[in-house]
Amino acid sequence: MISQPKPANKKSPYYELEKKHDIQFVFRPFIRVEGLSAKEFRQQKVSILSHTAVVFTSRHAIDNFFKLAKELRITIPEDMRYFCVTETISLYIQKYVQYRKRKVFYGTTGKIDDLIPAMLKHKTEKYLVPLSSVHNDDVKTLLDSKGLEHTECVMYRTVSDAFTQEEVDNFDCDMLIFSTPTGVDYLTKSFPNVKQGKLKLGAFGPATAKAIEKAGLKPSLVAGTKEYPSMISALSDFLDKQNKK
């Protein structure tokens with residue numbers, strides 16, 4: 001079971017792993033995203049139109065930025081610039097506005113640090129950073145250190161996508177793979193008496209692995225490392241070793 005939405009692409013490498021190893025993946029998100037209402041957003045007293053650029057760290061941020069703009073009856077200026085942590089996220093903007101290279105910038109690592117050079121070239125911009133209700137001050141600290149004018153605001157929240165009683169009663173998986181630390185927290189709340197036993201656990205990233213360990217459990221594989229940059233590479237190696245056993 002992987003705590004992510006089912007891949008839309010039928011050629012996803014997950015399906016190739018299923019055939020190769022005769023296994024089955026179940027994609028079941030443990031959390032879901034809810035956008036803030038216009039009333040909730042207004043309470044932060046943040047003016048979208050007083051900013052000239054937006055920093056997007058996820059597609060959720062893009063969806064809820066334009067959703068709120070519509071609810072607030074705000075017309076986003078055509079010269080608004082967008083800074084995205086990956087090219088994939090930058091291309092998603094096409095869902096809402098015409099894509100123009102001169103006003104869309106993106107990084108390659110998925111980290112905000114990678115955007116700093118481009119942002120410094122546009123140091124006079126006033127940056128708006130839409131965030132989830134669950135976040136730390138890393139972005140604020142970094143942008144402050146570079147002397148960039150910016151405002152962080154919450155535009156969406158992550159909430160538990162609770163397991164139904166039927167799901168709890170019929171739970172039968174050999175491995176659980178968590179995509180975020182928050183997912184680990186939600187699972188332990190759904191199964192307060194969880195015991196690992198023969199159940200294998202996987203993690204997207206070291207932070208998620210630490211959350212698993214904090215819950216008194218042990219990860220069998222961790223993706224997002226130098227050895228295993230992707231979950232596919234981590235799973236492939238793990239399954240190869242299991243088959244040899």
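**View 1. Serine S236 sits in helix α10, which spans residues 231-244.** Helices here are DSSP runs of H or I with at least four residues, strands are runs of E with at least two, and both are numbered from the N terminus. This is a predicted model, in which local features need pLDDT of at least 70, side-chain atom pairs count only at pLDDT 80 or more, and totals for chains, interfaces and linings use all residues. Residues are numbered from 1 along each chain as its sequence is written, and side-chain values use heavy atoms, with hydrogens and water left out. S236 has a relative accessible area of 18%, so it counts as buried (buried is under 20%, exposed over 50%, partly exposed in between, with a 1.4 Å probe and protein chains only). Leaving aside residues up to four places away in sequence, S236 touches L17, K20 and H21; contact means heavy atoms within 4.5 Å.

**View 2. Helix α9 (residues 206-214) has T208, A209, A211 and I212 buried.** Looking down the axis of α9, these buried residues fall within an arc of 155°, so they line one face of the helix; the arc is taken from the directions from the helix axis to the C-beta atoms. On the other side of α9 you will find A207, K210 and K214 exposed. The cover over the buried residues includes β7 (175-178), α8 (181-190), β8 (200-204) and β9 (221-223). Just after α9, G216 adopts a positive phi of about 85°.

**View 3. The largest pocket lies between domain 1 (13-30 + 163-244) and domain 2 (33-159), because both give residues to its lining.** The domain bounds come from an automatic or database domain assignment, and the two domain centres, taken over C-alpha atoms, are 31 Å apart. A pocket is an open set of points on a 1 Å grid over the protein atoms alone, where a 1.4 Å probe fits, with protein on both sides within 12 Å along at least five of seven lines; lining residues have an atom within 4 Å of a point. The largest pocket holds about 2,100 Å³ of space, a volume being the space filled by probe spheres set on the points, which are joined across faces, edges and corners. Of its 46 lining residues, T57, S58, H60, S179 and T180 lie nearest the centre.

**View 4. The second largest pocket has a volume of about 520 Å³.** β7 and α10 are the elements that give two or more residues to its lining, and α10 gives the most, with 4 residues. The lining of this pocket has 21 residues, and M1, Q24, C173, D174 and M175 lie nearest its centre.
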